Amino acid sequence: VDKDLAHKLKEEYNYEIENHQVPDFVKEFQNKGIWKIHDEQGSKEVVFKRTFGNENISVYVSTDALVDGEYENEFPEEGKEEEDPATPIALTVLVEKGSQGTLEVACTADAETFFIDAVNHFTSNEVAHDLSGEGDWKRRGLYGGPVFNDLDPGLVELFHKYLEERGFDSAFANFVPLYIEHKEQTEYQNWLKKTSEFVAK
């Protein structure tokens with residue numbers, strides 16, 4: 001069984017390598033030189049980074065967002081034909097401004113648009129960027145900001161323009177879900193390779 005399993009895993013890995021290369025849209029995005037992609041093999045997290053004036057902007061996205069988005073799309077509304085839309089992707093934007101702290105914006109990239117879900121401010125940049133369990137616990141103990149959709153419509157609109165000015169346009173909103181799907185595929189290839197090697201020995 002071990003030999004058959006290892007052979008099947010390797011066969012699947014070779015197929016994936018032959019049929020899934022780095023897409024052109026990734027190269028085109030990188031050539032623009034606006035956002036830098038921090039993508040570590042074996043990690044489910046991807047971070048997009050850029051500077052804007054005196055601000056350092058980081059966008060955190062996880063491949064887990066694909067699963068969450070697919071679950072939301074599992075049951076289409078009654079009376080609507082089932083389509084194959086792009087998966088909505090949840091992400092976290094951190095806008096750091098030195099001693100002024102960090103603004104956290106929780107968003108969803110969907111249909112080439114960024115929808116803001118929540119906005120919060122941290123006086124400590126360290127707390128805002130701490131991805132450990134302790135960091136998450138500290139943030140949970142702090143005020144998380146108002147219900148965003150309950151804000152004045154004019155304020156809501158200006159927050160969206162605030163992001164747009166920093167490069168959160170339709171092109172970026174379209175790119176993020178596509179890149180996360182690409183990330184999921186490359187991690188699947190890596191899983192096939194490592195599992196195949198483990199079983200074969």
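**View 1. Helices H1 and H7 cross in a left-handed sense.** The model shown is predicted. Helix H1 spans residues 2-19 and packs on H7 at an angle of about 155°. Their axes lie 8 Å apart. Angles over 145 degrees count as roughly antiparallel, so H1 is roughly antiparallel to H7. On the H1 side, the contact is made by Asp2, Leu5, Ala6, Leu9, Lys10, Glu12, Tyr13, Glu16 and Ile17. H7 contributes Gln185, Tyr188, Gln189, Trp191, Leu192, Lys193, Thr195, Ser196, Val199 and Ala200.

**View 2. Six strands build an open antiparallel sheet.** The strand order is E1-E2-E3-E4-E5-E6. Strand E1 (36-39) and strand E6 (113-122) stand at the edges. Each has a single partner strand, so one side of each is left without a neighbour in the sheet. Neighbouring strands are turned by 20° against each other on average, direction ignored.

**View 3. Two helices pack on the sheet.** Helix H6 (residues 153-165) touches strand E2 (45-52), strand E3 (55-62), E4, E5 and E6. The direction of H6 makes about 100° with that of E6. H7 lies across E1, E2, E3, E4, E5 and E6. Relative to E2, H7 runs at about 150°.

**View 4. Strand E5 pairs with E4 and with E6.** Strand E4 covers residues 89-96, and strand E5 covers residues 102-110. These two pair in the antiparallel sense over 8 bridges. Glu96 has Thr102 of E5 as its bridge partner. E5 and E6 are also antiparallel, with 9 bridges between them. Here Val105 is bridged to Val119 of E6. The hairpin of E5 and E6 has 2 residues between the strands. In this hairpin, Ala111 takes a positive phi near 55°.

**View 5. The largest nonpolar core holds 32 residues.** Phe48, Val59, Leu91, Val93, Phe168 and Phe172 touch the most other members. Helix H7 (residues 170-200) supplies the largest share of this core, 6 residues. In soluble globular proteins, nonpolar side chains tend to be buried together.

**View 6. The surroundings of Phe48.** Leaving aside residues up to four places away in sequence, Phe48 touches Phe29, Trp35, Lys36, Ile37, Ile57, Ser58, Val59, Val61, Phe172, Phe175, Val176 and Tyr179. Among these contacts, Val59 and Phe172 are also listed with Phe48 as core residues that touch the most other members.

Technical notes:
Residues numbered from 1 in each chain as written. Predicted model: local features only at pLDDT ≥ 70, side-chain atom pairs only at ≥ 80, totals over all residues. Heavy atoms only, no water. Core = buried A, V, L, I, M, F, W, Y, C linked by side-chain atoms within 4.5 Å. Buried < 20%, exposed > 50% of the residue type's maximum accessible area, 1.4 Å probe, protein only. Helix = DSSP H or I, 4+ residues; strand = E, 2+ residues; numbered from the N terminus. Contact = heavy atoms within 4.5 Å. Pairing = 2+ DSSP bridges. Axes fitted to C-alpha atoms, helices over the stretch in contact; angles between N-to-C directions. Parallel < 35°, antiparallel > 145°, perpendicular 65-115°, else oblique. Left-handed = near helix turned anticlockwise from the far one by under 90°.
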